[in-house]
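Subject: The two-chain model to look at

Hi there,

Here is the structure I promised to pass on to you. Please open it next to this email, and then read on for what turned up.

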Amino acid sequence: MMTIEEFGKRLRAREVTAEQVTESCLQKIGADNPRLNGFILVRADDARREARERDRELAAGRDRGPLHGAPISVKDLIDMRGLATTAASRVREGHVADRDAAVIAHLRQAGAVIVGKTNLHEFAFGTTNEDSAFGPARNPYDDSRSPGGSSGGSAASVAAGMALATIGTDTGGSIRIPAAACGLVGLKPTIGEVSTDGVVPLSRTFDHVGPLTQSVADAFLVHHALLGDHIASQPAPMPLHGVRIAVLRRYFCDVLDEDVRARFEEAVARLRSAGVHVDEIEIRHADLISTIYLHISLPDAAAYHAATLDSMPDRYTPNVRLRLEMGRAILAEDYVRAMKGREVVQREIDAALAQHDALILPTLPIPAPPIGATTVDVAGKPEAVRAMMLRLTQPFNVGGHPAMSIPAGTTRSGLPVGVQLVGCRHETDALLRLALACEPHVGV
Amino acid sequence: MTIDAWLKAAMADAEARKLPELKPLLETLAKATALLRQADVNDDAKR
């Protein structure tokens, strides 16, 4: 499947039309979605009509920018006027959005063609996409495995060629986890950078909106469209000579699948060969991050769901309901302690970045887990799937730093592996420029 | 409120609300909360 960048070039060279490429995505959806369950809603007729309009506009000389006519998908946690935002939950039965989320308005202005709304872990409250009122989404690389989550249907839609790119949300890793599990680029920007207006919240402290794409260049284009900057031109890659990157070792590389570790070390070695200066560094309170995350995200989520937990508890999937109930038990004093801990961790990550252009670590410690697994074997020891999935991504939700996953090859059994780059807060574009330069060395 | 007192109250509440599946999760949460309270990032009125 072509990238958005390639699509744009071919569209403007009159080699393809938006209608043709949209039709190709719709045919892929028809062929593969019954197996992968990536979409909750397909806007076939509307997408065809919008693609034809974009073609007519271009023929008349109106070019909306890099996303003009590009067929993309959107996580069904994001409001589109006139459609249900199901959040993959029976709790939302009967919902109809009365306006577009801010990011949808920006995508429409940018000329994107939204082909459908994608499956997710119920209310984005999980990392595997198994708990969904619409059934689990499946990984295109191996449909007995999870595509990751919570934006699992989104990742499956792009990895299977059902859309050129997709929009996800990330509260503890829900963009980067499925990107890594499905061999895609996933960008979580700086906290607060992209509007979450019109997006069903999980934790207002940690929620982010961002793209999953087939390349770093596409991530730049879609990220800027989400910001409302839909005429952004492609940046120049950052020259790698003289770049300083720090590997996070202690805690972050303590528990890794053997193949993930191998692909990560190979990527770091290739970057070093390309002229990158590689240091090692520690985050002092790394071991405390999952505890801090838990004591903030659970009460945040419980507060949003309090009324429906009481009025319609049986409409939640059992696992999601129980995690929400946990959040109701956390005391205010412990929430405040965790917020204080968050500030400490944020300063420690800032300090690690003060002398470096980026931090580097694996995105997921394990490849995509089998659907239904609660534990996986890592280096001969059983580890809880949920803890493994969040371990390396949630630190940067706690810190609010921009972080992105880039494909870094596959395991011996052919499952994708991702490497994560983390940049300074409020410097997402600098991270994207660095990632653009690193991409050919990290991937194989 | 001590962790022990909190856990006892939370377990009783789970029992009263007919949510016995919540109990093992609360026990796990209690361990995490103990870690959070012991961490050196906390404020201390004596310092």
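To start you off, in which loop of chain A does A:Ala87 lie? A:Ala87 lies in the loop between β2 (71-75) and α4 (102-109) of chain A. Helices and strands here are DSSP runs, numbered from the N terminus: helices are H or I with at least four residues, strands are E with at least two.

Before going further, a word on what you are looking at. This is a predicted model, in which local features need pLDDT of at least 70 and side-chain atom pairs count only at pLDDT 80 or more, while totals for chains, interfaces and linings use all residues. Residues are numbered from 1 along each chain as its sequence is written, and chains are lettered from A and ligands numbered from 1 in the order in which they are written.

A:Ala87 counts as buried because it has 26 C-beta neighbours inside 10 Å. (Buried means 20 or more other C-beta atoms within 10 Å of the residue's own, exposed means 12 or fewer, and partly exposed is in between; C-beta atoms are placed from the backbone.)

A:Asn37 also has a positive phi, about 55°, although it is not a glycine. You will find A:Asn37 in the loop between α2 (18-36) and β1 (39-42) of chain A, and its 22 C-beta neighbours inside 10 Å make it buried.

Another thing to look for is the peptide bond from A:Gly149 to A:Ser150, which is cis, with omega near 10°. A:Ser150 sits in the loop between β3 (113-118) and α5 (152-159) of chain A.

**Inside chain A**

The largest nonpolar core has 142 residues. Such a core is a set of buried Ala, Val, Leu, Ile, Met, Phe, Trp, Tyr and Cys residues joined through C-beta atoms within 7 Å. A:Val103, A:Val115, A:Ile406, A:Leu421 and A:Ala435 have the most contacts inside the core. Leaving out residues up to four places away in sequence, A:Ala435 touches A:Val216, A:Met404, A:Ile406 and A:Leu421. (Two residues are in contact if their C-beta atoms, placed from the backbone, lie within 7 Å.)

Is A:Gln394 buried or exposed? A:Gln394 counts as buried, with 25 C-beta neighbours inside 10 Å. It lies in the loop between α12 (385-390) and α13 (395-399) of chain A, and beyond its neighbours within four places in sequence it is in contact with A:Gly172, A:Gly173, A:Ile289, A:Ser290 and A:Tyr293.

By contrast, A:His426 is partly exposed, because 15 other C-beta atoms lie within 10 Å. A:His426 belongs to the loop between β13 (416-422) and α14 (428-442) of chain A.

**Two helix pairs**

In chain A, α9 (residues 289-311) and α11 (residues 332-354) pack at an angle of about 130°, with their axes 9 Å apart. That makes α9(A) oblique to α11(A). (Axes are lines fitted to C-alpha atoms, for helices over the stretch in contact, and angles run from 0 to 180 degrees between N-to-C directions; under 35 degrees counts as roughly parallel, over 145 as roughly antiparallel, 65 to 115 as roughly perpendicular and the rest as oblique.)

Chain B has two helices and zero strands, and 17% of its 47 residues count as buried. The axes of α1(B) and α2(B) come within 10 Å and cross at roughly 160°, which means that α1(B) is roughly antiparallel to α2(B).

**Where the chains meet**

How many residues of chain B are in contact with chain A? There are 18, and they are in contact with 16 residues of chain A. On the chain B side, α1 (3-16) and α2 (22-38) each supply at least two residues, and α2(B) gives the most, with nine residues. By class, that side has 13 nonpolar, two polar and three charged residues. (Ala, Val, Leu, Ile, Met, Phe, Trp, Tyr, Cys and Pro count as nonpolar, Asp, Glu, Lys and Arg as charged, and the others, Gly among them, as polar.)

Happy exploring, and do write back with questions!
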